[in-house]
Amino acid sequence: MQNFDYYNPTHIVFGQDRLAELNNLVPQNAKVLVLFGGGSVKRFGTLDKVLSNLGDRSVLEFGGIEPNPQFDTLMKAVEIVRAEKIDFLLAVGGGSVMDGTKFIAAAAPYEGNEADLLTHGFGALPISTSIPLGTVATLPATGSEMNKGAVVSYNGGKYPVMSELNYPKFSILDPSVTFTLPKTQVANGVVDAFVHILEQYVTYPANTPVQDRTAEGLLKTLIEVGPVTLAEPENYEARSSLVWCATWALNGFIGSGVPQDWTTHMIGHELTALFGIDHAQSLAIIQPSVWKLRKDKKHAKLLQYAEQVWDIREGNDDERIDSAIAKTQEFFESLGVKTRLSEYDVTRDQIDDIVNALEKHGMTGLSETGDLTLNISRKIIEDAYA
Ligand code: NZQ
Ligand code: ZN
């Protein structure tokens with residue numbers, strides 16, 4: 001097991017009808033900016049409930065944070081936070097709203113050029129303060145409700161933004177608030193959470209049975225409840241398990257002390273930035289091909305995954321690994337998420353654009369060992385296209 005720090009201060013408030021507790025969770029004298037997306041929270045009444053539970057605090061609203069939140073949009077909120085001396089941010093929405101709010105929290109007190117905050121990759125931001133924030137999470141997928149990360153879109157790229165100061169103070173997770181999600185977003189959520197776990201689990205053995213057994217349990221839960229919650233959107237128990245799985249997939253626990261990959265995410269980000277393919281759809285396209293091209297590097301963990309998650313015990317090593325890759329791809333497809341790049345509006349010659357974007361963004365040494373070159377990325381994308 002590698003050395004690690006595990007720190008996660010987010011207070012999770014899980015369950016139905018708990019929005020009234022906002023009154024205790026948000027500091028009493030705070031001036032609050034409530035942030036949301038394109039309007040789903042207005043349409044389905046969540047915003048009204050949030051506002052009515054903020055008591056007589058001074059509250060402003062900022063709507064219009066788009067999926068894959070754009071730097072320019074977020075900067076408009078930064079101006080409001082500064083001008084109005086906002087001292088608490090409340091994100092009501094999915095990963096994009098939560099991530100956007102984290103960026104705003106860091107950027108508002110920042111005295112330098114805010115775009116510089118996008119240049120630190122997975123390293124910690126060089127900040128000493130940020131505006132405290134809470135979330136009401138409406139989409140189970142990213143884990144943003146209980147982690148320190150955000151992803152911001154800027155000039156045709158997607159940039160990670162990480163800071164321990166950006167953990168939400170609290171996140172309200174009411175599974176019934178997610179009942180209104182369209183099926184595509186529910187399927188996206190299952191796939192995103194699934195791939196988060198894979199990126200931290202299918203690397204190389206590092207004597208981490210606690211993290212591995214937890215990862216396997218989360219994967220099996222997603223395989224079990226994913227189809228149920230898709231078919232029965234108002235099945236509270238199934239949706240609860242999806243919500244909690246998505247949170248645990250990326251709250252730092254299973255990633256502690258283990259090697260991590262993130263190749264699928266880094267290539268996937270370019271597909272979203274270039275072609276507008278949803279985040280989870282981009283992962284379903286790239287992930288099986290990463291394994292096909294990296295079977296040798298991931299041999300032991302792929303065998304473990306085959307046996308522990310899919311109960312594949314027949315055949316030689318190669319057959320079991322191939323079977324696990326096929327099962328994973330079938331699982332994504334069974335949720336209605338396509339796994340071939342050619343099924344989207346992308347032509348084969350645009351593979352060059354993807355590789356060029358990876359190069360431009362410095363993604364030239366990916367994977368758990370840093371040896372996944374641009375050339376291998378090209379092969380992965382070509383395989384994913386076919
Ligand atoms: O904008 P509104 O109108 O609210 O509609 C949203 C949006 O169109 C809708 N929606 C959300 N909750 C709903 C709902 N519709 C009906 N009922 C509800 N309860 O869903 C659409 C997608 O929302 P979005 O927030 O974009 O989706 P998601 O949660 O998948 O977030 C994706 C973003 O998170 C980043 C991605 O890169 C992407 O920008 N990620 C963040 C991570 C993190 N912070 O740790 C890790 C992930 O790997 C990921 O990269
Ligand atoms: Zn993701």
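Asp192 and His196 are both buried, where buried means under 20% relative accessible area, exposed over 50% and partly exposed in between, with a 1.4 Å probe and protein chains only. The two residues sit in helix H6, residues 183–201, 4 residues apart, or about one turn of the helix. Helices here are DSSP runs of H or I with at least four residues, strands are E runs of at least two, and both are numbered from the N terminus.

This is a predicted model, in which local features need pLDDT of at least 70, side-chain atom pairs count only at pLDDT 80 or more, and totals for chains, interfaces and linings use all residues. Residues are numbered from 1 along each chain as its sequence is written, chains are lettered from A and ligands numbered from 1 in the order in which they are written, and side-chain values use heavy atoms, with hydrogens and water left out.

Now the metal. What coordinates the zinc ion (ligand 2)? Asp192 through OD, and His196, His265 and His279 through NE2, at 2.0 to 2.1 Å. Donors are N, O and S atoms within 2.8 Å of the metal (3.2 Å for Na, K and Ca); water is not among the atoms, so sites may look incomplete. Along the chain the spacing of the donors reads D-x3-H-x68-H-x13-H.

On to the whole protein. There are 14 helices and 8 strands, and 57% of the 386 residues count as buried. The C-alpha trace spans about 65 × 45 × 45 Å along its principal axes. Of the contacts (heavy atoms within 4.5 Å) with a separation of 6 or more, 78% come from residues 24 or more positions apart.
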